[in-house]
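I opened this model to look up its confidence, its elements, its disulfides and its cores, and I kept these notes as I went.

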Amino acid sequence: MRRREHCRAEAVLAAAAVVSLLLAGCSADKSSNAARSTDDASLEHAGPWAEDFRDALAHGVSDYEAGILSDGQVTTAEVEDAHDRISRCLEDFGYTITYSADGGFEIGSLRGASPSNDMTRTNAVLEACEKRYDEYVTMLFQETRRNPEKQDEAKITVACLRKAGIVGKAYTERKWQSEYDSGVFSFNDSDPRAQQCDLDPLGLWRDR
């Protein structure tokens, strides 16, 4: 139950030839300024997430992504457009991507062989495409949608778990934080009710 984890293979290094090829193709989408100034970004819609948007813009994102993030919000249309661009980028290298409504994705192949047969190349291609279009767009879309006021994560999650009957009153926010950090929970985190609390603890968007 770790909503922010991507469903990608965990290759540590990418082949130098592949990376060089991909980075060459990405150059046209990058800003001419390595360290983008955030002074021009109004962030008028960011609210309590303003620092996160500012940090993303300061990271040196592509011009395309900066255009999305500069007003401090990510709309459904914008995240869908970013996903479409990632999909077309991957197709150029023989891959497909299927996004889940709850977050995460699966990578497939247009050439028959499983992407897992060459995890190094698959990850290098995916990361290069994300560098062009979606380093932060999806993450900020998901996080601002599920917790728009940026309330304490442990507090809202534990409250949801208690309400759902997954944990009792003795289960503390400190215990949840410790278990979240370790990735090992003392309750069944595969229970649909627990997954609901992980993805949408405030009940704002996800159908139960």
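The entries below follow the order in which I looked things up.

**Ground rules.** I worked from a predicted model, in which local features need pLDDT of at least 70 and side-chain atom pairs count only at pLDDT 80 or more, while totals for chains, interfaces and linings use all residues. I numbered residues from 1 along each chain as its sequence is written, and I took side-chain values from heavy atoms, with hydrogens and water left out.

**Confidence.** I began with pLDDT, the predictor's confidence in each residue, from 0 to 100. The protein chain averages 84, and 80% of the residues score at least 70. I marked residues 4–28, where pLDDT stays under 50 and the model has 33 contacts beyond four places in sequence, a contact being heavy atoms within 4.5 Å. I also marked residues 30–37, again with pLDDT under 50, for which I noted 16 contacts beyond four places in sequence. Where pLDDT is low, the predicted coordinates should not be read in detail.

**Layout.** I listed nine helices and two strands in the protein chain, taking them as DSSP runs numbered from the N terminus (helices H or I, at least four residues; strands E, at least two). From the N terminus on, the order reads α-α-α-α-β-β-α-α-α-α-α. Of the 208 residues, 43% count as buried, where buried means under 20% relative accessible area, exposed over 50%, and partly exposed in between (1.4 Å probe, protein chains only). Among the contacts with a separation of 6 or more, I found that 63% come from residues 24 or more positions apart.

**Helix α5.** I noted several buried positions in α5, including Thr-122, Val-125, Leu-126, Cys-129 and Tyr-133. Lys-131 also lies in α5, but I have it as partly exposed because its relative accessible area is 27%. Its side chain makes a polar contact of 3.3 Å with that of Glu-135; for such a contact I required a pair of N or O atoms within 3.5 Å, where within protein one must be able to donate a hydrogen and the other to accept it, and residues adjacent in sequence count only if both atoms are side-chain atoms. I also recorded 7.3 Å between the C-alpha atoms of Lys-131 and Val-61, which are 70 residues apart along the chain.

**Disulfides.** How many disulfides does the rule give? I counted two, the rule being a pair of cysteine sulfur atoms within 2.5 Å. In one of them, the sulfur atoms of Cys-89 and Cys-129 are 2.1 Å apart, and the link is left-handed, with -80° about the S-S bond. Cys-89 lies in α4 (residues 76–91) and Cys-129 in α5, so the pair ties together parts that are 40 residues apart in sequence. Both Cys-89 and Cys-129 are buried. A disulfide also joins Cys-160 to Cys-197, with an S to S distance of 2.1 Å, and this link, too, is left-handed at -80°. Here Cys-160 sits in α7 (residues 153–164) and Cys-197 in α9 (residues 192–199), 37 residues apart. I have Cys-160 as buried because its relative accessibility is 9%, and Cys-197 as buried because its value is 1%.

**Cores.** I then looked at the nonpolar cores, each a set of buried Ala, Val, Leu, Ile, Met, Phe, Trp, Tyr and Cys residues joined through side-chain atoms within 4.5 Å. The largest has 30 residues, and those with the most contacts inside it are Phe-53, Leu-69, Val-74, Leu-90, Val-137 and Leu-140. The elements that give it two or more residues are α2, α3 (63–69), α4, β1 (95–99), α5 and α6; α4 gives the most, with five residues. Beyond four places in sequence, Phe-53 touches residues including Leu-43, Leu-69, Val-74 and Leu-140. I found a second, separate core of 13 residues, which includes Ala-154, Val-158, Phe-185 and Cys-197.

**Backbone.** Leu-43 is not a glycine, yet I read a positive phi of about 50° for it. Leu-43 is found in the loop between α1 (16–26) and α2 (50–58), and I count Leu-43 as buried because its relative accessibility is 8%. For Lys-150 I noted a positive phi near 55°, in the loop between α6 (137–146) and α7. Lys-150 is partly exposed, with a relative accessible area of 36%.
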